[in-house]
Amino acid sequence: MSGPLLEVVDVAKRFSVGTRFSRQGVRIVHALDGVSLTVMPGETLGLVGESGCGKSTLGRCITRLYDLTAGTLRFAGTDISSLSQRQMRPMRRRIQMVFQDPYASLNPRRRVRDLIAEPLRVHTKMSEAEISRRVAELLDIVGLKPDHAMRFPHEFSGGQRQRIGIARAIALNPELIVLDEPVSALDVSVQAQIVNLLADLQERLNLTYIFIAHDLSVVRQVSTRIAVMYLGSIVEMGSADDIFSRPAHPYTQALISAVPVPDLAAQGSAKRIVLSGDVPSPVNPPSGCRFHTRCPIAQERCRVDRPALTDCGPGRRVACHFPTDVVHTA
């Protein structure tokens with residue numbers, strides 16, 4: 001297809017916490033607030049930001065594990081924003097998710113064969129013999145042995161469990177996979193193996209990824225484009241090269257300045273940007289620009305006028321009243 005595979009338009013998600021009997025009463029958490037982005041077929045969109053900024057919530061909204069509070073989701077031209085669970089079933093085959101914790105995302109009481117076979121039993125009319133062959137094929141694709149099918153999840157390492165989760169996600173030949181921090185719970189050496197596996201699968205199966213992570217070095221390696229999130233909003237989008245070489249938003253500059261540099265000479269010349277204060281609470285987000293309470297260049301306009309995500313160059317979008325175009329020394 002020539003157009004976007006996924007379109008996210010002004011998506012908002014709010015959660016109610018507490019009760020009317022609790023000390024602070026019922027409070028509203030603004031997890032997502034006006035998020036818009038597009039994902040093209042075959043690309044990897046990296047989604048980065050601090051813990052609690054809404055990355056995982058956005059992933060679960062895209063897969064419709066969470067209902068939207070507001071906004072529109074279009075997948076391959078079809079509006080899936082308000083589809084019921086029954087109406088979403090055909091779309092489940094085309095949109096899958098790999099979860100962050102391989103220890104919690106697999107049912108410990110079920111054998112690997114049943115974990116991988118479950119989507120095949122739900123969404124296809126394959127016979128048990130065909131399912132067994134497909135499970136063996138999937139295990140081989142992700143680098144596991146066929147005899148692993150009869151084992152339980154607790155018998156595997158973290159990296160092997162994540163491979164099982166990936167095998168389950170690709171069982172139905174989806175078009176889009178949301179990867180929710182798929183390597184954050186793994187050792188560094190295992191992280192490289194999983195990243196290489198995902199790259200091989202993308203080329204082999206023509207997959208499109210949304211790669212959620214907070215490790216910028218991993219995101220830079222795997223992503224075609226990057227979207228930077230802060231407090232439930234996207235503050236900057238662009239190609240991976242542009243984001244890392246010419247960050248336009250002050251928050252993006254601070255994030256990139258924190259990435260460790262292996263070259264000691266370059267590390268000594270790089271300027272570390274340390275943000276003051278803490279991330280505001282999503283229960284009571286600040287007015288105007290969400291970042292103005294910590295921004296080193298904030299002005300009065302930033303406190304009252306929320307900037308829109310607008311074009312600032314070819315393929316670049318930034319939500320800032322005073323974007324810069326400084327080449328980062330790191």
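Student: What do the buried residues of α3 pack against?
Tutor: The buried residues of α3 pack against α4 and α5. Contact here means heavy atoms within 4.5 Å, and helices (H or I, at least four residues) and strands (E, at least two) are DSSP runs, numbered from the N terminus. Keep in mind that this is a predicted model, where local features need pLDDT of at least 70 and side-chain atom pairs count only at pLDDT 80 or more, while totals for chains, interfaces and linings use all residues. Residues are numbered from 1 along each chain as its sequence is written, and side-chain values use heavy atoms, with hydrogens and water left out.

Student: Which residues of α3 are buried?
Tutor: They are V112, R113, L115, I116, A117, P119 and L120. Buried means under 20% relative accessible area, exposed means over 50%, and partly exposed is in between (1.4 Å probe, protein chains only).

Student: And at what angle do α3 and α4 cross?
Tutor: The axes of α3 (residues 112-123) and α4 (residues 128-141) cross at roughly 115 degrees and come within 10 Å. Axes are lines fitted to C-alpha atoms, for helices over the stretch in contact, and angles run from 0 to 180 degrees between N-to-C directions. The crossing of α3 past α4 is right-handed; that is the term if the near helix is turned clockwise from the far one by less than a right angle, and left-handed is the term if anticlockwise.

Student: Which residues make that contact?
Tutor: From α3 there are V112, R113, I116, A117, L120 and R121, and from α4 there are E128, I131, S132, R134, V135, L138 and L139. By class, that contact has eight nonpolar, one polar and four charged residues. Ala, Val, Leu, Ile, Met, Phe, Trp, Tyr, Cys and Pro count as nonpolar, Asp, Glu, Lys and Arg as charged, and the others, Gly among them, as polar.

Student: Nice. How about α5 and α6: at what angle do they cross?
Tutor: For α5 (residues 158-170) and α6 (residues 188-205), the axes cross at roughly 15 degrees and come within 10 Å. That makes α5 roughly parallel to α6; angles under 35 degrees count as roughly parallel, over 145 as roughly antiparallel, 65 to 115 as roughly perpendicular and the rest as oblique. α5 also passes α6 in a right-handed crossing.

Student: Which residues of the two helices meet?
Tutor: On the α5 side you will find G159, Q162, R163, I166 and I170, which meet V190, Q193, I194, L197, L198, L201 and L205 in α6. Eight nonpolar, three polar and one charged residues make up the contact of α5 with α6.

Student: Let's switch to strands. In what order do the four strands of the open sheet come?
Tutor: The order is β2-β1-β4-β5, and the pairing is antiparallel. At the edges are β2 (27-39) and β5 (78-79), each of which pairs on one side only. Two strands pair if DSSP finds at least two bridges between them.

Student: How many bridges join β1 to β2?
Tutor: Nine bridges join β1 (residues 6-17) to β2, and V8 has L37 in β2 as its bridge partner. Between β1 and β4 there are five bridges, with A12 opposite A70 in β4. β4 (residues 70-75) and β5 pair over two bridges, and R74 is partnered by D79 in β5.

Student: What sits in the loop between β4 and β5?
Tutor: A76 is found there. A76 is not a glycine, yet has a positive phi of about 50 degrees. With 26% relative accessibility, A76 counts as partly exposed.

Student: I also noticed N206. Is that one buried or exposed?
Tutor: N206 is exposed, with a relative accessible area of 60%. N206 lies in the loop between α6 and β8 (208-212), and its phi is positive too, near 60 degrees.

Student: Last one: is T63 buried or exposed?
Tutor: T63 is buried, at 6% relative accessible area. T63 lies in the loop between α1 (55-62) and β4. Not counting residues up to four places away in sequence, T63 touches M88, R92, I95, Q96, M97 and V178.
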